[in-house]
Amino acid sequence: MEKMGDEQKPLLVTTSASPKGGFRTLPFIVGTMALVSMTTSSLAADMIKYLMGEYHMDMVTGSNLIYFWYAITYIVPVTGAILADSLMGRFQVIGIASIIGFVGMVLLWLPTVIPHAKPPPCSDSCSSATTFQLLLLCTSFVLLSVGSGGVVSCMLAFGADQLKHIQNNAGAMESYFSWYYAIFALCEVVGLTCLVYLQENAGWKIGYGILVVFMLFAALFFFLGSPFYVKQNAKRSLIPGLLKVIVASCRSRHLKFSSGNTQIAYHHNSSTTMGYPSERLRFLNKACIIQDPQQDLNSDGTAVDPWRLCTVDQVEELKAILKVIPIWFTGVIMSVDFCQSSFAVLQATTLDRHIFSSNFEIPAGSVGLFGVGFSVVWIVLYDRLLLPVASRIRGNTVHFGTKSRMGFGIFVSFWYAVLVGKVESIRRSLAIKQEHSSDNLGDSKMSILWVVPQYALMGIAVGSNAVAQNQFFISEFPRSMSTIASTLYALGYSLASLLMSSINELSINSGNGSWITSDINEGHYDYFYWVLAGLSMVNFLLFLICSRSYGPSKDEKPVAMEED
């Protein structure tokens, strides 16, 4: 129990003399992430070809199976984050997930070397996969989702754990998040180019065999760094603890706060660094107020009824979630702009994709690499050019806050949507004038270079917002919830598809047909992006309001003190 007037220094969990953690652990962490991301990105790119060629599935069946795989992949990171923060700890979740992912990759590779594990090649007719063959395939998908999802959900926060005791922590964290995302994007480029090329030209047996080796090395590489890691223990019962705060605050709603009263006693754990709750969302503080120590507390200091009296830590964890929801929602809206991969491929098929030579044509499916490439370039230029130059001009270290970078990314996403709509309007008008039929997309003679500027804006927007969002969530959430925080950005991408479907339904109900069709000359993707542009501007204004009401974030407070 702690009274508000008492002076008590918080306990420090880690110090600068910690023998573990630091930058020496990052090669193991980033290396594991790189191998896993290259594997998953290359699998997703060519999976429909594998299912249609080796399992004789039609387009609809294969697409539905891939959708099932993606659905699990989106859900697992959140589940893995809860396990890491509440039950097992990040190190254990990553270690187990890397092994499960390796087993899943082995099961996916087995049909390429064991003929009876998949349908026989087509001769006069094609036979469907047996129940056992489909079960083996689906099991490999589930295990791969669990493996990759468990690694992705925890790896970013686990790396941040290693840098907690570093001096100039804000600068170290900013560089870590930037380079982590840049390497992740670079690995996707390698997966979508080199590894996909091997699968298509060397065969599935060799292509998937290489991915088995990658997943094996990912697990080994992670465990090699075990002696150097800072391994945070999991906090038990995180989700039930949040529910207890809601119930306890409702049951104690009759309590009144007296202005200037310094004798209010708050319940907290013995190892906590917080003696009393913050003033924001003050009504939740009633959940941790001790009304009568004799009736509310056991002899060991624990609450008699944890659904009536919670700890300060539990209250602050719920506050952290409630406070970031509005800002997180602005990231969900921005994600809609960048979830249109199918449109990008369809649009690329109508463009002249020859660059430098008439003998070299960019594959339509690789056009998204422009965005990934510009993301990497922007992150590197920001970290190695923009910040050093700004610091030299000002004469001291310059640090742009996470909210500033998030807002900049949202603002750039507005101009991205505007430019995409304009380019598509020009392309569609040119295609219609050339009387392209709905069955043949043809070649509009418009160069692929027309779309490069819009992908440059995409790279800048994602490179600014994604890195800043991850850093913001992890820094603002309590350490016990940092794994869940690192999954919020990816969760936003999964929810963005719902918003996109709503826009599609509205266009259909308007009576003029869907704007989003397989034949982009028949549809109106330009109208769709005009709507996204308007939504992006509203989203930017919403972000400004949410950011102002949120107040200064943790990474902005040191800057303010330095300026004073």
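Me: Is Glu 54 buried or exposed, going by its relative accessibility?
Reply: In this predicted model, the relative accessibility of Glu 54 is 19%. The cut-off for the buried class is under 20%, so Glu 54 counts as buried.

Me: Which side chain meets that of Glu 54 in a salt bridge?
Reply: Glu 54 supplies the O atom of a salt bridge, and the N atom lies 2.6 Å from it. That distance is within the 4 Å limit for a salt bridge. The N atom belongs to the side chain of Lys 118.

Me: How many residues apart in sequence are the parts that Lys 118 and Glu 54 tie together?
Reply: Lys 118 and Glu 54 form a salt bridge. Glu 54 is in helix H1 (residues 26-54), whereas Lys 118 is in the loop between helix H3 (90-113) and helix H4 (131-161). The pair therefore ties together parts whose separation in sequence is 64 residues.

Me: Is Lys 118 buried or exposed?
Reply: The relative accessibility of Lys 118 is 16%. Buried means under 20%, so Lys 118 counts as buried.

Me: Which residue forms a salt bridge with Arg 251, and where does it lie?
Reply: The closest N and O atoms of this salt bridge, between Arg 251 and Asp 305, are 3.4 Å apart. Arg 251 belongs to helix H7 (residues 238-251), and its partner sits 54 residues away, so the pair links distant parts of the chain. At 33% relative accessibility Arg 251 is partly exposed, and with a relative accessible area of 27% Asp 305 is partly exposed. The residue asked for, in the loop between helix H8 (293-296) and helix H9 (312-337), is Asp 305.

Me: What separates Glu 424 and Arg 427 in helix H12?
Reply: Glu 424 and Arg 427 form a salt bridge with closest N and O atoms 2.9 Å apart, and both residues are buried. They belong to helix H12 (residues 402-433) and are 3 residues apart, so what separates them is about one helical turn.

Me: Which cysteine sulfur is nearest to that of Cys 310, and how far away?
Reply: The structure holds 0 disulfides. Cys 310 is in no disulfide, and the nearest cysteine sulfur, that of Cys 288, is 7.9 Å away. Sulfur atoms would have to be within 2.5 Å to count. Cys 310 is buried, at a relative accessible area of 0%, and its nearest cysteine sulfur, 7.9 Å away, is that of Cys 288.

Me: Which helix gives the most to the nonpolar patch?
Reply: The patch on the surface is formed by Ile 82, Ile 239, Leu 243, Ile 246, Val 247 and Trp 307, with about 460 Å² of accessible area together. Ile 239, one of these, is partly exposed at 35% relative accessible area and lies in helix H7. With 4 residues, the element that gives the most is H7.

Me: In which element of the protein chain is confidence highest?
Reply: The mean pLDDT of the chain is 78, and 79% of its residues reach 70 or more. Strand E1 (residues 2-3) has the lowest confidence, at a mean of 41. The highest, at 92, belongs to helix H6 (residues 204-224).

Me: How many contacts does the model have for residues 558-564, beyond four places in sequence?
Reply: Over residues 558-564 the pLDDT stays under 50. The number of contacts beyond four places in sequence is 2.

Me: What percentage of the residues of the protein chain count as buried?
Reply: The chain has 16 helices and 2 strands, and it exposes about 26900 Å², with carbon and sulfur atoms supplying 64% of that area. Of its 564 residues, the buried share is 49%.

Key:
Residues are numbered from 1 along each chain as its sequence is written. This is a predicted model: local features need pLDDT of at least 70, side-chain atom pairs count only at pLDDT 80 or more; totals for chains, interfaces and linings use all residues. Side-chain values use heavy atoms; hydrogens and water are left out. Buried means under 20% relative accessible area, exposed over 50%, partly exposed in between (1.4 Å probe, protein chains only). pLDDT is the predictor's confidence in each residue, from 0 to 100. Contact means heavy atoms within 4.5 Å. Accessible areas come from the Shrake-Rupley method with a 1.4 Å probe; for residues, only the protein chains shown count as cover. Patches are made of residues with over 30% relative accessible area and no salt bridge: like charges are joined within 9 Å, nonpolar side chains (Val, Leu, Ile, Met, Phe, Trp, Tyr) within 5 Å.
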